[in-house]
Structures are given as C-alpha cells and as structure tokens.
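Welcome! Try each task before reading its solution.

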Amino acid sequence: MNEILNVEQLTKTYGKKGEKQYQALKGVSFKLQKGEFVGIMGASGSGKTTLLNILSTMDKPTSGKVFINSQDITSLNKNQMADFRGKEIGFIFQDFNLLENLSNRENIALPLALQNVKARLINDKVEEIANKLGITQILDKYPAEISGGQKQRVASARALVHNPAILYGDEPTGALDSKSATELLTTMSKLNKEDQVSILMVTHDPYSASYADRILFIKDGKIGNELRKENQSREDFYQAIIAELGRR
Amino acid sequence: MLWKLSLTGIKSRFKDYAVLFSGLTLAAAIFYMFLTLALNPSFLKDSVSLGYETTQFVFSFGLVLLAIITLVYIIYANSFLLSMRKRDYGTYMMLGAKNRKISRLIFVETLVIGILATLLGIVIGIGLTQVISNLLISQLGLVIHHFVGFYFPAVLWTIIFFAILFFLAASWNSLKLTKSSLISLLHEDQQPVHIMRHKGLLLFKAIAGLVLLAVGYWAMSTVQMLNLTSIPLALVTIVAGSYLIFASFFTATIDLLRKNSNYTFKGLHAFSLGQLKFRINAYNRILTIVSLLFALALGAITVGLNFNNLTAQNLESQYYDIVIPGDTKPYKAELKQLGVTDSKSFSFKNNNAHVYVSKDEIIRKGFKAKLFSVKNGQAHYTEITLNQKNFAKIYSTDFDTNLPRGYGEVTYVSDAKFKQVKAPTRTATVYKVADFLKNWKAISKLEKKTLNAKTERYWNGASPKVFNHQAAMTLASGFEFMGFFLGLAFLAMLASTLMFKVLSGASGDRPRYQMLWKIGTRTKLLKQSIAKEIGILFALPAALGIIDVLFGLQFFKLLLPDPYDKIWIPFTIFIVLYLLYYLLTVKLYEGIVLKKD
C-alpha cells in the first residue's frame, strides 16, 4: 500500500496529573493514501484543531503514533520537528498567515530559503508554482496590495513550493468570499487530481468538504462516521454530507 | 468591578509591567541624580570653583537635554503600556463598560503607575547618588566635597516634573483609547502596512543626508575658523543629516540587498530585511534621537575622562617634587618614608628687589629641570640637566618654581657676583621621589608641617607641585564627575527609549514569528534572526553616534591638550553598557514573540 499518513490510536490529554484533566482526543486512528483528498469535519471543540496540531508536528500526543511517509513523527525532537514541518508539510491557514512586509515572491520562497536551496533554483520553483496557480502577475506585489482570494493562492503556493508529502488545510476558505472559495477549492482539487498532491483539509463547511474524496467526522475526540464520494457528483456528495450532519 | 478587572489585568502581565515599571523608576532615579548635581550649589562651587559659571551653563544645558529625552522616553514607555492594555480595554468595552468609566480607569492606572515609579525612583536615586559618587570619588581619586545623596529641592522638582509628565501621558492615553473604535482596539496588530515607493526621492534624500552630515563634521573640525557659529551650524546639519540618512540611506541599502536574490533567498534573510525595512520607516525619528544622544553621552564621558589628562600634564611640567627651605633635619623621618631618589641643595640670597642664585653652583651640582616647548600646537616638556650650553633656556623651564616667591625678580649670577651680594646666605633643598602620585598626600602633610614651623616664610608651601596638582585635580574631578554622570544618565535613557520602542512593537510582531515557526523554522534560527534585527537597530544609531563623537571631539581641541588620548577607555565602558541593554531587549522581546499559545 502507498500510505502517506498513518494515524494509530492517538490520544491527547490536557492538564497535569492531579489537576482536572481534559481528554481532547480519545484514540483516533485513520489512514490517508497517496493522492487522496480527505476532509475532516467536526463541530467546535470536537478535537479538530488538536488533531491537526499533532499531525503537523506542532504538538505532541499523549499516546499513539503518527507516521508520515513511514516516518514516526511523534518520536522527533524539537529541531527535527521544525525541519520535518519545513520539508514534508505544506500548510494553508484560514487567515493566510502571509508576512505583510515581504513581497509575494519572497513569501512563497520562504520554505525553500529555510532549506538553503540555491537562489536560482528557488526562483525557478517559485515561477513554476506561481504559473500553476495563476499568480505570476502579482509576484512582486505585497500581500496588502492583493485581494483575499489572491492572498490564499499565494499562501497555497507557499505551501506547495517545496513539494511537501502532504498538504494540510485548516479552514482554508474560512476567510474568503464564495467566488474566491470556489476558485481555491477547484484549484486544490485540480492539484490533487493532476499532480497527485495528498490533501488533508479540516473544515466545518459542508460546501468545502464536498470537494474531498472522503470525509471523516470527528466528534468528542473520536472518529465517528466516514463518507466516501465514490462516483457521486459533487452536488450529490454535498447533499449526503448535509444529511450526515443532520443525523447527529 | 472594573478596578478588580484592571488589577487582574496588571497581575496577568506582571512581567511586562515589571519591565515598564523598572524603566520608569530608572528614569526618575536618573533625573533625580542629575538634579541633585545641578541644583546643589555648595557642591558645584567647591568642586569646580574655577569655572562655576561655565559649569552652571553646562548643567542647565544638560538638564534641558535630559528633560527632553525623559519626555521622549515617557512617550515610548507609555505607548508600550498602551499596546499592552489595548485589548483588555477593548474587551471591557465589548462587555458594555461605559466610555467614561474606561477613560477614568486608564487615567488613574497611568497616573498611579507613574507616581509610584517616581517615588520609588527618588528613593533609588538617593541611594544610587550616594553609591555612585563614593565609587567615582574612590575609583578615580576625585576630590569632591559637599556631596550627599539626599537633597530636598531635587526631590521636589523631580516629583513636580514627573507629575506633570504623567498627568499629560494619562490624559493622552484616556483620550486616545476612548477616541479609537472598538474594532481597532481588538485588532490593532492586523492593520495593513504602508509601503513607500519613490526611488528618485529616496536617492535625493540619501545624498542630501550625506552632504548635510559632511557639512556638520566639517563645521566641528574647523571650529578655529568658524568660531561660535560652528555649534549651531553643526547642530542643525547633523540633526537633519542623521534624519535623512535613517529615512533613506538605510532603506536604499536594504532595497539593494533585497534585489540580490542570492542573499535574500537564504534562510530568514528575506524576513529580516523585510522586518528591518518596515521598522526603519517607523523608527526614523527615534533612531535619529538615539544617535544624537549616543553622541552626546559618549562625548560627555570621553571629554570628562580626558580632563584627567590635565593633571597628568601638570605633573609632567615640574621636575622636583618637594622643596624644603633651610634646615631639613626636622623632616628627616618623613622624607625617609617618601622614598627620595634624588636631592640637591642650593644657596640663595634675597633683598627686596631680587632673589640671587649662583649660576655656577646650579651647573656644578647638575640640577635638572623640565624644558617647555610647543610642538604641533601642543605643550611638551623635556627633561634637561642644566649646563653652560643650555643655561640661557632656564627661563623656559620650571626651575624658578623651586625658588622663593614674593621677594622680587630671580637673577642668576656668577659665583663671584653672588659673594658680593650683601644679604645673608640661605639654603633650600629639592627632592625627587620615586612615586609622586602615590605619595602626594603625604607630601601635602609635610608641606603643612613646614608651614607651621616658624622659619622665615619661603612661600605658600613646600611643594609647588603638590599645590598645582591639587588645583588641577579639583578642576578635572568636577568635569570628570559631571561627564560621567551626564554620560551615564543619557546612555540609560536613550537605551531604555530604544528598548521600549522595540518592545512596544513586539506584540504586533508575534503572529509573524508564530507563523514562521509553524512553517518549520527552528526556534534557534528565529532567535538568531531576532538578535540580528534588534542588533542592527541598536548598531545603526551607535555607529552614527560614534562617528559624531570622533568628529565632535575636534571641537574640544581648544580646551584640552589631546581630546583623542586614551579614547578607548570611555568607548569600551560605553559600548559594554549599551550591549547589556541590547541583550536585555533581545531577551524580553524573545519572551514576547516566541511565547507559545
């Protein structure tokens, strides 16, 4: 099997021993195949953010293991974690998280610059990804000078420029208008189909989720149901998601 | 209820408040120390009696400068306070607290913090004044009297000055916060960044800045030609030049570096440059002020320490350390302890018009003297042994300081003529000791003994060298003390101002560092980037300040033998202290921006 992500019995408990403890994750397990587009849905407080933080090496689990490309990321030390994030993970945030004092080009180049890639190679890679995402025209502008939709494209370019093993989206359409949101989701979908980019997207928006191949529903720190798109149209899948959400 | 909230707000950010509070306390302490010095006439009259008027002028000038920098400092410290509390105030307002109530809360909060800091500052100031003055007096061997830590008028004026400042700051805070919208209070850090793009203008500013600085430095170095016009000319051109340089030259340099993708696309270089460019635009004014204050402070310390050279030069100018008229037996014990290396006696006769000394005897016994000459506009003293050849030059030496004064003109005659003078023959003995500086206090005691002995009056004392040394020491000590005080006070203020300017931007910078961490930047690299960035913000004004001083010292050539002598001592002291401020700023800044959620 060609697994990109393998999560085994993940738990996370907040609060020290003797104090009042809170279990945010209560044994989460799932797998993500290479080239899959998986959505994770859940209400506020369901453990979505905690899960994503652990999967992206920003936090450590209390128990359980996470393998990305067969490497156990829960056993890494702080520096290794940072390096791993920088090399293997791409991240699109809800509020873009672009650095407003850098040009868009410099923003996109950042992950490569951190890995000390040669300048000329960086330039080529930035041009290539910008071309793919249709943002070549705005490369030398600053984030403050472009629209929200364009900002999220720049952020996507930054997330993909270093060819990460997996792309995480944390409510990537949360701050976008509906037109820009659709554009972004179409682009993500296209990257997934054409370039085999593996995507894990956390959202509570059924419309965004309907672009995924498979949806895991997380509730009270556990994975509940799972929905597969199979051969449905996106619209039918959307209805199925709504139905699933209404069931709870 | 709101008061309770306010208190918990302060408690939860205790560390930040501690920094702010200690900064304000320090400002009050320094202001108090300076006032004690400047307002205390008995200290001034005693220590710097020779230049009392000048000194008072220097002090009032220093006081005005200190007041201005304190004002600037309070403004920045205040904006730091405001940046910390904005979100809390916004939350209170969101919860439905009335505008008027919030505004009163802010007002009282600022005022209470200010007044507490002032009072504590004065207490610390009293202690510090005592400690520092004792330290300076013992370490530098200064001669300073009438200086005590507590001086009531200084206490009073410090309280009045700071009360007014904090009252203004409090009014400003409450006005500003109640005038700004709730949304902007809650999301202050998310405001768009203004980007400047005028290449031509930038170039023009950079060139104008360089030209103005050059004119300023030229004015300083040609003070002989320009006379007093050089001060205002240099002041205006250097201030304007520094501002333009910061506003343009460094921005242009950063732009140039950014164009080089080999440099930019390496680690966090792009990020650091972006931060710096963005900062320097916002920091123009403060960097200018800091560079000027840096120059003033460093200049004050350098010039102050240089006055020490006056005493050294004074010691150089005289060969013999002790002169004892008549019988030396009563002083045998003391002389033995002083470690005499050379002693010679000579005879003289005096009437009402002349003091006669035998030239032949002086040459025969091989008396030594210091010959005065001027080389390159500076005084030089050469040791000579008097002989037939050089005897004509005796009037350019210090030899006559060994002779009695007040009897008339000194006349050197041959042995034969000396015998013919109708007056009793008297003798005097001169001594050279191994270490004058170590023994001058003992020599001074010996001098008092000879004065008390009821021999015929020779002159004021047994050692003109000690007398001159003491006079020079008093003058030098006063200036040295003042230079140190002024310099340290300015340094503390300017470095704290810069520190608070940096720190008040920290909460806004935090999301950027968090984001860099999220996309996989090692914490170590982030720390390096912070150290570099703040380092440059500290280094730029320091570099300009040092250049200012190097040129500015030209101005003191009129007053001091060599203003550049041993310049590394004050520079080292100063830079070490400045570095400590830098390290503190970096640590505090890291604490704010790298803190995890």
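**Exercise 1: a residue and its surroundings**

Not counting residues up to four places away in sequence, which residues does Tyr578(B) touch?

*Solution.* Bear in mind that this is a predicted model.

- Step 1: Locate the residue. Tyr578(B) sits in helix H21 of chain B, which covers residues 568-593.
- Step 2: Leave out residues up to four places away in sequence; Tyr578(B) then touches Leu491(B), Ala495(B) and Ala542(B).
- Step 3: Decide whether Tyr578(B) is buried or exposed. A residue is buried if 20 or more other C-beta atoms lie within 10 Å of its own. Tyr578(B) has 21 C-beta neighbours inside 10 Å, so Tyr578(B) counts as buried.
- Step 4: Compare sequence with space. Between Tyr578(B) and Arg279(B) there are 299 residues in sequence, and their C-alpha atoms are 20 Å apart.

**Exercise 2: two helices of chain B**

Find how helix H19(B) packs with H21(B), and name the residues that make the contact.

*Solution.* 

- Step 1: Helix H19 of chain B spans residues 506-518, and its axis is 8 Å from that of H21(B), at an angle of about 60°.
- Step 2: List the contact. H19(B) supplies Ala506(B), Ser507(B), Asp509(B), Arg510(B) and Tyr513(B), while H21(B) supplies Tyr589(B), Ile592(B) and Val593(B).
- Step 3: Sort these residues of H19(B) and H21(B) by class: five are nonpolar, one is polar and two are charged.

**Exercise 3: the six-stranded sheet of chain A**

Work out the strand order of the open sheet of six strands in chain A, then find its edges.

*Solution.* 

- Step 1: Reading across, the order is S6-S7-S8-S3-S9-S10 in chain A, and the pairing is mixed.
- Step 2: Strand S6 (89-92) and strand S10 (222-228) of chain A each have a single partner strand, so one side of each is left without a neighbour in the sheet.
- Step 3: On average, neighbouring strands of this sheet are turned by 20° against each other, direction ignored.
- Step 4: Look at one pair. Strand S7 (residues 166-170) and strand S8 (residues 199-203) of chain A run parallel and are joined by four bridges. Within S8(A), Ile199(A) stands opposite Leu167(A).
- Step 5: Helix H5 (residues 148-160) of chain A lies across S6 and S7 of chain A, at about 170° to S6(A).

**Exercise 4: where the chains meet**

How many residues of chain A are in contact with chain B?

*Solution.* 

- Step 1: The contact involves 25 residues of chain A and 23 residues of chain B.
- Step 2: On the chain A side, the elements giving two or more residues are helix H2 (78-88), helix H3 (104-114) and helix H4 (119-133) of chain A.
- Step 3: By class, this side of chain A has 14 nonpolar, six polar and five charged residues.

Terms used:
Residues numbered from 1 in each chain as written. Chains lettered and ligands numbered in written order. Predicted model: local features only at pLDDT ≥ 70, side-chain atom pairs only at ≥ 80, totals over all residues. Buried ≥ 20, exposed ≤ 12 C-beta atoms within 10 Å, placed from the backbone. Contact = placed C-beta atoms within 7 Å. Pairing = 2+ DSSP bridges. Axes fitted to C-alpha atoms, helices over the stretch in contact; angles between N-to-C directions. Nonpolar A, V, L, I, M, F, W, Y, C, P; charged D, E, K, R; others polar.
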